[in-house]
Amino acid sequence: GMQEPRFEQPWSRGTQGGITSLFSELSLMRYVIPPIAGIIWNRRQNFKTWQIIFVILVFLLTLYEGFTSGTRSIFGAYLASFLAGYFLTLKEIKLWKILVPLGIASYALIFATRHMLAFRNMGLRRYIETKAYELVQAEESLAVDYNLLPLSEIIQAMPSIYDFLGWEMIVVFATKPIPRVLWAGKPEGLSVEIADIVGARGWTVSATYVGEAYMMGGILAVIIISFLLGATSNWWTRIMAQQSSGYAVAVGAIGFFVAAVTMRSLVFFTTMILPIIALIFFAKVIPSWIGAKKKSA
């Protein structure tokens, strides 16, 4: 369940995957929930009370799922995409309408950062049962990944020890969203992982998109990937700024989510865009269900 250790969570599927992994991939649609919750909160006068309560409960459950996962980037991205949907649909700009949500979200993120590191290897249930939270020191509340250290080790190791991965990394990342139950022979991973370079055993390590781009082709690859990400973000912002429907704002807000998690790892890009693709598909098939043709929702 959600209270189990981090790597026993349903999303942490192995390389062999099965039909259950397919259902895990379908659960990516939960990333649509936070921005939609932010939009609906601003337009709550258009909904019935029970609908508002239902949306709030589902959003809180989504935050709880992100918290129990032990993955800070996911929990933070939930908050970021909620704020994106909220801020993009504010009809009247007032200081308190900006500062209050930001303050609550900031406190929630600091609280989560403090405890998620402590319980993700033992699970929330055991964390509470053993009262391990009493041993967590306040100064640990702002701990983050030390990305510069693995990045420096990658630069030292490539290409002196390991060759640049080139197209191999693109192929692995591009095929990441395809469930193994549908393609049993898809690549299981990179021939050289970041963990192999830094000697990580039993714990995850990130070097951000900069480190991964360097593994692909050195400084030139970092420049090219940075340019592509910047150009894509600029294009996305301009396109979404021209839209006004609830559907379009939701799609735009999820784009903020994708951008946030992609900064930590490029592998997230190909999986996190799936909810956007799904919404676009629904807009073509059942537009009336999601307000795709309405000027306001």
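Which residues in α3 meet which residues in α5? In this predicted model, where local features need pLDDT of at least 70, side-chain atom pairs count only at pLDDT 80 or more, and totals for chains, interfaces and linings use all residues. Residues are numbered from 1 along each chain as its sequence is written, and side-chain values use heavy atoms, with hydrogens and water left out.

On the α3 side there are Gly 66, Phe 67 and Thr 68, and they meet Phe 111, Ala 112, His 115, Met 116 and Phe 119 of α5 (contact means heavy atoms within 4.5 Å). Five of the residues in this contact are nonpolar, three are polar and none is charged; Ala, Val, Leu, Ile, Met, Phe, Trp, Tyr, Cys and Pro count as nonpolar, Asp, Glu, Lys and Arg as charged, and the others, Gly among them, as polar. The axes of α3 (residues 49-69) and α5 (residues 95-119) come within 8 Å and cross at roughly 45°. Helices here are DSSP runs (H or I, at least four residues), numbered from the N terminus, and axes are lines fitted to C-alpha atoms over the stretch in contact, with angles from 0 to 180 degrees between N-to-C directions.

Next comes α4 (residues 72-88). Of its 17 residues, 14 are buried, so α4 is largely enclosed by the rest of the structure. Buried means under 20% relative accessible area (1.4 Å probe, protein chains only).

Ile 254 sits in helix α11 (residues 246-262) and is buried too, with a relative accessible area of 0%. Leaving aside neighbours within four places in sequence, Ile 254 is in contact with Tyr 31, Val 32, Pro 35, Ile 276 and Leu 279. Tyr 31 is 223 residues away along the chain, yet the C-alpha atoms of Ile 254 and Tyr 31 are separated by 7.4 Å.

Terms used:
Helix = DSSP H or I, 4+ residues; strand = E, 2+ residues; numbered from the N terminus. Expected span 1.5 Å × (residues − 1). Buried < 20%, exposed > 50% of the residue type's maximum accessible area, 1.4 Å probe, protein only.
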